[in-house]
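Let's walk through this protein together, one step at a time. Keep the sequence and the 3D view open as you read.

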Amino acid sequence: MTAPYSITPGRNKRPARFWPVLMSLVAVVALAGMWDRRVSGQTATAQALGPYAADFLLRAGGELDGAGDGAGARSLASGGPPITTASTCFAGWCGTLTVTQSVLLAAYNYQLSTHPKVFGQPGDSTPYYWYGPDAEGYYFYVFWWMTYPDGSNSWDCGMGVPGAGRYWAGFSSTAFITTCQNGVISLGGGGGPMAEIQNLWSQFRGMGDVNPSVPPTQDQANYWVRAENWANTVKPPLDAVIRAAVTSTELQALGIAGNPPIDQPPQARRVAIDAGHASDPVECRGTEGPTYHDREDVLVLEIAQQIAVDFAARGHTVVQTRPASCGTWTNPDTGKVEESPASLRSRVNAALAPPAAEIFLSIHHNGDSDRSVHGTEVRYDPRWGVASMESLRLARLTRDEQVALPLATHGSGATGEPGIKLANGLQQPNGDGGPFLVLSVATNDGQLPAVLDEVAYLTHSLGTTPFEEDLLHNLTFRRRAANAIENAIRRLFP
Ligand SMILES: [Zn+2]
């Protein structure tokens, strides 16, 4: 929640032509930074993407995991449409991923290829299983003839003669048990030197007539995904192949594409994130939730810090503008002790200190004794030309991302747009929406796109609908709120 202040708008100190000049300068600096990252090798983004994509797609409830039973993967395997994920940010990348059937084939290939093809040493009594047993009990095994299993001359359905001093390969299936001393009948096989065993291996057919020594088809992979246990058999190789991918090219080869292109180096940006309020003194702490007693100053700082961490991973810089301790004054309009205009100006000054930030976004949670109002609300100052137009664009993007959380929108006032409100005296006759100092200063003096984001109503406790205090109390929701703001900022930039 924010308090309005009466200020006299200053002169617009920078002419309109300053803005493109500034943007050109920023672009040059950003391009230089991008080049630095390229010559130093792979970007942090590319290095981290595969593991994060695997975590995201395969997490409990994730796009491929479904309800923990692989429903997403099975849908793909059954010919369902490609799966497009929710918008997300991870490892320095933001956007959506689209997953196709190809990833299932990659996982099945991996599953087959990781079965070891090993020849035991002469005298080694351990049989080596090159394939299976699969769901239908097919397997292919290789062992050193002389010692298997104990020198008996009546083993393996009478097909072998111990002591031949060569390898033996068996094709077996537990699905076709008739008689055999081990309860398994051999369907075929033969003995010989290694080359002969390799030849037998190339002829082996397992479940569904699959020849595991040649690359499987997509249909075979789909069958495998549908037939096998998700958690124990299908998910681990899926995780392995996605996790191993480093570049977008590698992810795309798996059938996972991103929008925007996954490892396109982000243009380095510098954004000011203003965590509203301050922990000290107590007058600066803002609103408090009535049930959990979460403080606005604490919650918004956490969101600001999450944005800083995520953006740093993308090569951006977040200027955090909250002062260590806020200066106070007695607001002559309300008689209350609040954060002073000088303290509020110091936040914008931090954003404008060279090299200046490109946007200013202040995070708050709302409060009202009227429990009939709720939802997300973003304010901007409409009076300062191009910077105000960009502010409105950022306000709309921020609102849209937060509506998708989902949150309702609160009000519209003079803008006529749900969830978008003005930050000057034009707003409403009851004083709601009076001048918001940080927006006036950032938009006018700094010519920055600037918005003040009231994410949700912290004062709306249990017993009201919706329980926005409950939402804000939830760590996952706060992370998603940070994500929503990140997405809005990302969408603002070309
Ligand atoms: Zn506030």
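**A strand and its neighbours**

Strand 9 (residues 270-275) is mostly covered, with five of its six residues buried. A residue is buried if 20 or more other C-beta atoms, placed from the backbone, lie within 10 Å of its own. Strands are DSSP runs of E with at least two residues, and helices are runs of H or I with at least four, numbered from the N terminus. This is a predicted model: local features need pLDDT of at least 70, side-chain atom pairs count only at pLDDT 80 or more, and totals for chains, interfaces and linings use all residues. Residues are numbered from 1 along each chain as its sequence is written.

Which strands pair with strand 9? Two strands pair if DSSP finds at least two bridges between them. Strand 10 (residues 317-320) runs parallel to strand 9 and is joined to it by four bridges; here Ile273 has Gln320 as its bridge partner. Strand 13 (residues 359-366) also pairs with strand 9 in the parallel sense, over five bridges, and its Ile359 stands opposite Val271.

Now look at the core. A nonpolar core is a set of buried Ala, Val, Leu, Ile, Met, Phe, Trp, Tyr and Cys residues joined through C-beta atoms within 7 Å. The largest one has 57 residues, and Ile359 and Phe360 touch the most other members. A second, separate core of 31 residues includes Trp230 and Ile242.

Finally, step back to the whole protein. Its secondary structure comes to 14 helices and 16 strands, and 42% of its 494 residues count as buried.

Conventions
A residue is buried if 20 or more other C-beta atoms lie within 10 Å of its own, exposed if 12 or fewer, and partly exposed in between; C-beta atoms are placed from the backbone.
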